[in-house]
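The sequence and the structure come next, and my entries follow.

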Amino acid sequence: MAWPVPDINDDNEAFWTGGRERRLMISLCEECGYRTHPPTPRCPSCFSDRVAPNPVSGRGRVYSFTINRREWSPGLEVPYVIAVVELAEQPGLRLLSNIVGCVAEDVSIDMDVQVDFVERPPAFLPVFRRSAG
Amino acid sequence: MHRFEERCIISGIGQSEVGRRLEKRVMALTLDACLEAIADAGLQPKDIDGVVSWPGAVSRAEGLAPPGPGSSGPGVHAVIDALRLNTTWHYGGPETPGMFAAVINACLAVAGGLCRHVLVYRALNEATAWRMATERVSVDPQGVVGTMQWMLPYGAFSGPNWMGLWATRHMHEFGTTREQLAAIALNARRNARLNPKAVLQSELTMEDYLSSTMISDPLCLYDCDIAVDGATAVVVSTRDHVTGMPGIPIQIEAVGSALHGRASWDQWLDMTETAAAHAGSHLWSRTDLQPADVDVAGLYDGFTVLTLFWLEGLRFCGRGESGPFVEGGARIALDGELPLATSGGQLSAGRLHAFGHLHEVCLQLRGQANGRQVPNAQVGAVSAGAGPLASCLLLRRT
């Protein structure tokens, strides 16, 4: 199957291509310091328009996860882990992503993870691996 | 408080045949349901002056409710034209607080004086569409746009993936078990065996459930509803019509439609609840009735776990207590304190996208549910939606 990739545009380019430099780019408000994802033209906390993509550490914890076992399309390799990861920088700052590099059944809530990138042209998908914390 | 609901009744209901392999196509099913509802209300098509559907004729959408194969049904314009209706208001659209927004929009049109009789319908032909589809995942070659770009590239393709995340977190925080999810599925199947129109009638045991195929942990095959072809319609009328109608009017007692969290699947903050918590609180703020007054409920069950979220959201139990509430199934059975999914619900009767529950609860309140009738049902609750999408209705026999 053809794996879905994002349509890159001015709004999402920093997020989807930051992985080329191995950077996870998350929108930061230069006025109040609040981070938000997905990026929007105004800070949702103070409504300033001084927002811009900015790198984060890539450290996080698993908030929740599911193991997809269904071959939704012919050739889809299963199982794989879909997770919501909370980034270290701010409570509630989250990404939906994949946990890679470990047995699916070993993933658990609150597990420490670190970002990695999978090149899937034109995007570099931020994914996460288990880390020592 | 001004309550527009008091001016609105459900005057008629209709439902087409429902099945996995029907001769009729979806427009024919839609018109069957609509004409049945109009006649049931004691009306003729010429009396209908409003039409609303969810989601309308949508083949592509960037919002939170992207249509899948067979999920949108004929649009409002097609139905108006087919029945040669003369309307003062019509609307179809998917960007709403869940599917019952169609009913709420109809109520607003009636209460606002724009219409007297609004036809509301929901039609699907997902059984046929999925049988014909070669790809279960439709991929836009230009790349994914809108909110789905945050999920599809990670293989979060379908409802079980999204709701699996919610289910895992609910289990983690509250100790909810698979056996408790199973109680929802088993209850639906028991009730379906009393409903001749239900598509799944064979006995379902706990052993069947626990040994079935896992789809997206912790949700297995029997946690998922079953695609069908079928259409449901209701007529929302001004309360003045009570004296002129032949049947039993159902009063709209209260609606719930609030969303107080992020309008997002992947960015939802607290995955131990859904927008059901907001819509449920909203509903109870609009009535003097209490959860204990409800005699029968059709809570959304696109996945078993969604019924748990609605039980908590509509305060039939405390937060985190829905698992123990349903465990064993006695409380939610036909003779229990809160009979749920009395038609078999979407899990066993078929995925009519909340409108099956609405039709069934109206039958129950009218005393017309035959072998599965809840004795003396006076007040009913129905709900629609998952994640950030939620709406609910409280209905009362007049």
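**Entry: a loop in chain A**

I looked up F47(A) and found that residue in the loop between strand 2 and strand 3 of chain A, where helices (H or I, at least four residues) and strands (E, at least two) are DSSP runs numbered from the N terminus. The phi of F47(A) is near 65°, a positive value in a residue other than glycine. I noted this because most residues other than glycine have a negative phi, and most peptide bonds are trans. F47(A) counts as exposed because its relative accessible area is 53%; buried means under 20% relative accessible area, exposed over 50%, and partly exposed in between, with a 1.4 Å probe and protein chains only.

The loop between strand 2 (35-36) and strand 3 (51-56) of chain A also holds P38(A), and a cis peptide bond with omega of about -5° joins H37(A) and P38(A).

**Entry: how I have to read the model**

This is a predicted model, in which local features need pLDDT of at least 70, side-chain atom pairs count only at pLDDT 80 or more, and totals for chains, interfaces and linings use all residues. Residues are numbered from 1 along each chain as its sequence is written, chains are lettered from A and ligands numbered from 1 in the order in which they are written, and side-chain values use heavy atoms, with hydrogens and water left out.

I then checked the confidence, for which pLDDT is the predictor's value for each residue, from 0 to 100. Chain B has a mean pLDDT of 96, and 99% of its residues reach 70 or more. For the complex, the predictor gives an ipTM of 0.98 and a pTM of 0.98.

**Entry: strand 5 of chain A and its partners**

Is strand 5 (residues 80-87) of chain A mostly covered or mostly open? I found that seven of its eight residues are buried, so I wrote down that the strand is mostly covered. Strand 5 pairs in the antiparallel sense with strand 4 (residues 59-68) of chain A over eight bridges, and two strands pair if DSSP finds at least two bridges between them. In this pairing, L87(A) of strand 5 is the bridge partner of G60(A).

Strand 5 of chain A is also joined by six bridges to strand 6 (residues 94-100) of chain A, again with antiparallel directions, and A83(A) stands opposite S97(A) of strand 6. Strand 5 and strand 6 of chain A form a hairpin with six residues between them, and G92(A) in the turn has a positive phi of about 80°.

**Entry: the sheet of chain B**

In chain B I traced an open sheet of nine strands with mixed pairing, in the order 3-2-4-7-1-8-11-10-9. Its edge strands are strand 3 (89-92) and strand 9 (296-298) of chain B, each of which pairs on one side only. Within chain B, strand 4 (residues 117-125) and strand 7 (residues 229-238) pair in the antiparallel sense over nine bridges, and L119(B) has V235(B) in strand 7 as its bridge partner.

**Entry: T176(B) and its surroundings**

T176(B) sits in the loop between helix 5 (159-174) and helix 6 (178-192) of chain B, and I count T176(B) as buried because its relative accessibility is 8%. Which residues does T176(B) touch, not counting residues up to four places away in sequence? They are H170(B), M171(B), L308(B) and G323(B), where contact means heavy atoms within 4.5 Å.

C107(B) is in no disulfide, and the nearest cysteine sulfur, that of C8(B), is 4.2 Å away. The sulfur of C392(B) is too far for a bond because the closest cysteine sulfur, in C107(B), is 13 Å away. C107(B) is buried, with a relative accessible area of 0%, and C392(B) also counts as buried, at 0% relative accessibility.

The peptide bond from W54(B) to P55(B) is cis, with omega near 0°, and P55(B) is found in the loop between strand 2 (50-53) and helix 2 (76-82) of chain B. H353(B) has a phi near 60°, a positive value in a residue other than glycine.

Notes:
Disulfide = S-S within 2.5 Å.
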